[in-house]
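Here is a short note for a colleague who is opening this structure without having seen it before. Please keep the display beside the text while reading.

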Amino acid sequence: AYLPSMDTPQNQRFVRTYRERYPNAGLPNQPAAATYDALFMLRDVIAVTGSDRQAIRDGLNGLGTSLPPYQGITGILAFEGRGDLARLPVLIGVVRNGTVVPVERPR
């Protein structure tokens with residue numbers, strides 16, 4: 001669900017900030033990107049719902065329906081009503097010049 005070479009403004013900013021903060025760690029990986037998305041998605045929902053646990057749970061469940069989907073590092077995140085991601089992106093990468101890059105989808 002994540003490649004550090006993804007060419008989106010959100011990801012470019014994330015990789016740049018990650019490398020500044022952790023200069024010896026190399027590029028961020030999928031767990032780093034997913035954790036970032038989870039924390040900032042939660043922050044955004046709490047900003048709308050407040051800190052009541054049930055309201056937060058309902059707000060998260062409503063991402064993509066009663067609330068706009070979350071535009072994250074790993075893609076657009078929305079839930080389908082039972083707690084599962086409605087559109088979990090699947091990426092396939094290939095190594096080019098020592099870097100894993102997304103394979104282009106056939107047109």
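The points below go from the overall layout to a helix contact, a pocket and an aromatic pair.

1. The structure is a predicted model. The protein has 3 helices and 4 strands, and along the sequence these follow the pattern α-α-α-β-β-β-β. Taken along the principal axes, the C-alpha atoms fill a box of roughly 50 × 35 × 20 Å.

2. Helix 2 against helix 3. Helix 2 covers residues 30-49 and helix 3 covers residues 53-61. The two pack at an angle of about 120°, and their axes are 9 Å apart. The crossing of helix 2 and helix 3 is right-handed.

3. Residues of that contact. On the helix 2 side, the contact is made by M41, L42, V45, I46 and T49. Helix 3 brings A55, I56, G59 and L60. By residue class, the contact of helix 2 with helix 3 divides into 7 nonpolar and 2 polar residues, with no charged ones.

4. The largest pocket. A probe the size of a water molecule, rolled over the atoms, shows where empty space is left. In this model, the largest pocket holds about 320 Å³ of space. There are 19 residues lining the largest pocket, and those closest to its centre are F14, T17, Y36, F40 and I73.

5. Where the lining comes from. Which elements each supply at least two residues of the lining of the largest pocket? They are helix 1 (9-21), helix 2 and strand 1 (70-72). Helix 2 gives the most, with 8 residues.

6. The lining of the largest pocket divides into 9 nonpolar, 5 polar and 5 charged residues. The contact of helix 2 with helix 3, by comparison, has no charged residues.

7. Aromatic pairs. A pair of aromatic rings is described by the distance of the centres and the angle of the planes. The count for this model comes to 5 aromatic pairs. One of them is formed by F14 and Y18, with 5.9 Å centre to centre and 50° between the planes, and this pair is tilted. F14 and Y18 are separated by about one helical turn, because they are 4 residues apart in helix 1. F14 is also among the residues closest to the centre of the largest pocket.

How values were computed
Residues are numbered from 1 along each chain as its sequence is written. This is a predicted model: local features need pLDDT of at least 70, side-chain atom pairs count only at pLDDT 80 or more; totals for chains, interfaces and linings use all residues. Side-chain values use heavy atoms; hydrogens and water are left out. Axes are lines fitted to C-alpha atoms, for helices over the stretch in contact, and angles run from 0 to 180 degrees between N-to-C directions. A crossing is left-handed if the near helix is turned anticlockwise from the far one by less than a right angle, and right-handed if clockwise. Contact means heavy atoms within 4.5 Å. Ala, Val, Leu, Ile, Met, Phe, Trp, Tyr, Cys and Pro count as nonpolar, Asp, Glu, Lys and Arg as charged, and the others, Gly among them, as polar. On a 1 Å grid over the protein atoms alone, a cavity is a set of points where a 1.4 Å probe fits but cannot get out, and a pocket is an open set with protein on both sides within 12 Å along at least five of seven lines; lining residues have an atom within 4 Å of a point. Grid points are joined across faces, edges and corners, and a volume is the space filled by probe spheres set on the points. Rings of Phe, Tyr and Trp (its six-membered ring) pair if their centres lie within 6.5 Å; planes under 30 degrees apart count as stacked, over 60 as edge-to-face and the rest as tilted.
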